[in-house]
Every structure is written in C-alpha cells, then in structure tokens.
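Here is my note on the model. Please read it with the structure open.

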Amino acid sequence: MIFELITLSIIIAYAGAVCFVLDDRKADAVMLPLLWASTILQIAAGVLFYSFPSTIHVELLVSEKFGEVYGFIIDPTSVFAALVVSSAGAIFLTYAVRYMDDKNIGHPHMNQKGRFYGWMMIFLSSTLTFIYSSTILQMLIFFELMSLACWGVVGFYGSRKSERSALKALLIPNFGAVVGFYTAVAFGFKYGDLSLEFLGNLPQNEKLILFICLMIAAFTKSAQFPFYSWIPDAMVAPTPASAFLHGAAMVEMGVYLLIRVVQFMSPPREVFYPMAVILSLTLVIAILAYPKQTDAKRLLAYSTIAECAIMYVGVATAVLGHPFGSKIALFQLMNHAYLKGLAFLTAGAFTYYYGTLDMTKIKGLKETPILAYSWAIGLFGLAGLPPFGIFFSKLYLFLNAGPMYSSPLGTLLLSLILVDSVVLLAVGLRSINMMVFSEGEGSKLTAS
C-alpha cells in the first residue's frame, strides 16, 4: 500500500508537465489539484510508514547481467526527505499562483504560468524519484533531470543573464554527475551490480576513490567550494523556483546523496580530511560574502551555501562513525527547508509589491508588518537564534559531534559554524534596521 501511494504520487506530479501547453487560467486549474493530490499521497504514505516502520525494497527492473536497474527503497531516510520536499514544494508552488501574475511590479507575468508550472512539476517529481531510487544508474538519471528542470526555471525570463546563469546551473552539476555517477556506474558494471548495496561490498581502496568522486557530485549540486558560484547567479529565476531550489530540491539533494552513500558504503574514515577542508573553505567564503550583499536573494543564496556545509558536517560525523551523524544532517535539512522558504517567499513579496530586491532601496517595512516580521524571522532563524528550528539542529550537532572534537579540522569546522552564525546575525540585524525601522514610503516604492 505504501509503495502504491508513493508511486501514484510521483506519477501525478509528472502529469503536471501537461501545464506546458495550457494558458494561465487552465494551468492554475490543473496544477493545483495535481500538486496537492501528490502531496497528500506522500503524507498518507509517510503516516502509514511511520505507523509500522519497516524498510520496503521494491525491484521494478532487473537485468540478468547487472542485477537491479530500477527500483524503490522506502526507509526512514527516504520517507523523511520526501515529506520535506513534497510539503515545502506544495507551499512554494501554491505561492507561485499569485506571484506569477500581471500585478507583479518587478516581473509582471502574462501567459507564462504553464511553462513555469511544467518545469516545476518535473522538478518536484524528479526530486521525489531521486530520493526513493534504489540504484546508482537510477539516481544518475534523476540527478540529471533535476538539473534539466533547474536549467528551465533559472533561464525562465529569457534574458542573456538568465540564459547564461541557466547554462551554468546545468553544466556545473553535470560535471559532478560525470565525475561521481559515471564512476559509480563504471564500478557497477565492473562488479555486475548497480544497486546501492554494492557500495558496501567494494574494497577499501575503491570505496575511498568512489566516495571522493560521489562527494564531488554532491558538492556541485549543493554549491560547495569550488563549485559555489552557480547558486548566487541562479537567483535570476522566479522566486518560487528559487525557494524550491534552495529549500526543498537541488542543493539539499546533494546532501541527501552523500547521506545515502554513507548509509550504504560505510566509507573509510580517511575521506573525512578532504571533506573537512572543502567544507571549511566553503564556510569562509560564505562568511566573507555576507557583508557585501545588497540583493536580498543573493544574501539568502550565500546563506544556503553555508547551511548545506553545516548539513555536510553532520554527514562528516557519520563518516567518523557517529550513529547520529546522518540524523543531524536530515534534521538540519528539514529546518533549513522551511526557514529558507519563508525568507525567499518574503523576498518574492519585495519584488511583487516594491519592484526591487535591493535592500538599500526598501525602506519603511514597518508600514507592512507582515513582511517585516517574516523577513526578521527568516533571517534570525537562519542565523540560528532560538526558538527557531536551526538553533536546535545546530545544538544537536554540537552535542553529538564527539569525534569532531578530537580532530583539529573538526574543531575548526565547528568554530566556523559559530562564526557563520554570528556574521549572518550581524548582517541580518543591519538589514532589518535598514529596511524595517528606517523612514520610507513602504508600499509606494517602485522599481528604479
């Protein structure tokens, strides 16, 4: 029953691709029922699964030469991630119904909803299938489909900047796919097994090589050093797409990929060192970038880069043998999804009502208290202040990072997480003071 609900949910989400050929009114009428039907089915499957939690492995396509080629693994990790993606995606796409209309001051839209919804429903369904994938080849296919959908939404407006940013968003993760997944598939062909289980049967030296290759694939998806530049540029996408890309898909699926690899491979502890160095550099880049940002969405983009690095620190504790490492990463992933979504949807309101994302031009938000509160909650939450969720996921990390404290690199990583929180909080306070408490015309502001 659980497998059938999940399968039907994904099929319904893919059916949303029909929106490509519909006008605005029909696209709204078709997309919303499909979106919420898919989400409700995922929630129902989650409730049933957690009522009687037991891993379900369904083989849908088996080759005599290479074993399982296509199937689903329904376990606590995949069900949890799918619930986050599905629920957050439903919120962001419902928001898009209003955002993608002709009253949007910054980006007035007319007869463009169908194309946008089509790409977004493919994005959502491909992400869900990636999460439940049971083979390396299957993960590769839907990894690339996510990148294709990302290309579609980033280049949505068709300007030279949009097209250039879309190509970058396609090519950098595709490079990671070539390095990581193609290598994994090659190993699968060598041993005649493409299932995720084969990762745990490799010799230690091959585990080391393959983990580093798949880590590169994950880091390109999550915009970690040195592959981070595509994500700030991708902010040219419509804001509901940016919220989904950051909060429920694409970048967080890089983290999910590495969680899956650690789960099935049990990699050698030596991989911690290159991982820790890259994550440290990523956090430093985000910390240095925060104070320079005047565009609200680019500020949030650098926050995403850092938050994903923090999720990977949880994965790194799992690499060092801590049993809670992957749970820490998933907890951070969930908290980030909804807080980052709130921040992005608020930034979308800046575009919609004020016609700009330039924080230096938005004054007097106290005249629109809902926007003022949501922007403040988003920034405070992302900085890790209590009582917001990221405070507890970071606290959970610090309380369960035992193996990290015995390593200088681990201690450095944990210290950089604290610095990141302090700097983002300082920049957030500056932004709130400038945008909320300054005198301005508030809702009368228009694009300059």
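Which backbone nitrogen lies 2.9 Å from a polar atom of the side chain of Asp-75?

1. The backbone nitrogen of Ser-78 does. Asp-75 sits in the loop between strand S2 (67–74) and helix H3 (76–99). Helices (H or I, at least four residues) and strands (E, at least two) are DSSP runs, numbered from the N terminus.

2. This is a predicted model: local features need pLDDT of at least 70, side-chain atom pairs count only at pLDDT 80 or more, and totals for chains, interfaces and linings use all residues. Residues are numbered from 1 along each chain as its sequence is written, and side-chain values use heavy atoms, without hydrogens and water.

3. Asp-75 counts as buried because its relative accessibility is 4% (buried means under 20% relative accessible area, with a 1.4 Å probe and protein chains only). Leaving aside neighbours within four places in sequence, Asp-75 is in contact with Phe-49, Thr-55, Arg-260 and Gln-263 (contact means heavy atoms within 4.5 Å).

4. Now the helices. The axes of H5 (residues 136–154) and H6 (residues 160–191) come within 8 Å and cross at roughly 175°. That makes H5 roughly antiparallel to H6 (angles over 145 degrees, on a range from 0 to 180 between N-to-C directions). Their contact has 19 nonpolar, 4 polar and 1 charged residues.

5. Check the confidence. The chain has a mean pLDDT of 95 (the predictor's confidence in each residue, from 0 to 100). Residues 442–448 stay under 50.

Key:
Parallel < 35°, antiparallel > 145°, perpendicular 65-115°, else oblique. Nonpolar A, V, L, I, M, F, W, Y, C, P; charged D, E, K, R; others polar. Buried < 20%, exposed > 50% of the residue type's maximum accessible area, 1.4 Å probe, protein only. Polar contact = N/O pair within 3.5 Å; in protein donor to acceptor, adjacent residues only side chain to side chain.
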